[in-house]
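Here's a quick tour of one model, taken a piece at a time. Have a look at the fold first, then read on.

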Amino acid sequence: MVCSNFIKEASITLDPPRAEDLAGIEEYPVSVYIDEDGAMYLQGSKIANAEELEWGVRGLIADKATEKGQTVLFKCDASITRDVFESALDAIARGGGIIAAMGDKISREEEVP
């Protein structure tokens, strides 16, 4: 899991998963979010389904030759179940994206639920 400053979208409410060990990421061309209601967003715009996500990612990274250019920042609300976020991860991968999953860093003193 990685940690970074990401695009702040006023309409997207997230409570991301938390972990102790997070690596930083400086740059990413594509962002994907899943909010607490399971709605998917690509570059801050709500999208209908995983198929639309796949083709959106494919189009956004089509001319990118490096891993950095193909990185897709993925962040979802901690309440989202695996069956919801797994379809988004599969769509990103089918679109050629390299997934950088995001979370919030916690201190070693905090307990992870």
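## Ground rules

Two strands pair if DSSP finds at least two bridges between them. Helices (H or I, at least four residues) and strands (E, at least two) are DSSP runs, numbered from the N terminus. This is a predicted model, where local features need pLDDT of at least 70 and side-chain atom pairs count only at pLDDT 80 or more, while totals for chains, interfaces and linings use all residues. Residues are numbered from 1 along each chain as its sequence is written, and side-chain values use heavy atoms, with hydrogens and water left out.

## The sheet

Strand 7 and strand 8 run parallel, joined by 4 bridges. Within strand 8, I98 is the bridge partner of T71.

Zooming out, there's an open sheet of 5 strands in the order 6-5-4-7-8, and its pairing is mixed. Strand 6 and strand 8 sit at the edges, each pairing on one side only. On average, neighbouring strands of this sheet are turned by 30 degrees against each other, direction ignored.

## Helices on the sheet

Helix 1 packs on the sheet, touching strand 4, strand 5, strand 6 and strand 7 (contact means heavy atoms within 4.5 Å). Its direction makes about 15 degrees with that of strand 5; axes are lines fitted to C-alpha atoms, for helices over the stretch in contact, and angles run from 0 to 180 degrees between N-to-C directions. Helix 3 packs on the sheet too, touching strand 4, strand 5, strand 7 and strand 8, and its direction makes about 175 degrees with that of strand 7.

## A closer look at helix 3

After the helix comes G96, with a positive phi near 95 degrees.

The buried residues of helix 3 are A88, A91 and I92 (buried means under 20% relative accessible area, exposed over 50%, partly exposed in between, with a 1.4 Å probe and protein chains only). They cover an arc of only 100 degrees around the axis, so they lie on the same side of helix 3; the arc is that of the directions from the helix axis to the C-beta atoms. Their cover includes helix 1 (50-61) and strand 8 (98-101). Turned away from that buried side is the face with the exposed residues R82 and D83.

## K46 in strand 6

K46 is found in strand 6 (residues 45-47), and it counts as exposed because its relative accessibility is 59%. Not counting residues up to four places away in sequence, K46 touches A39, M40 and Y41.
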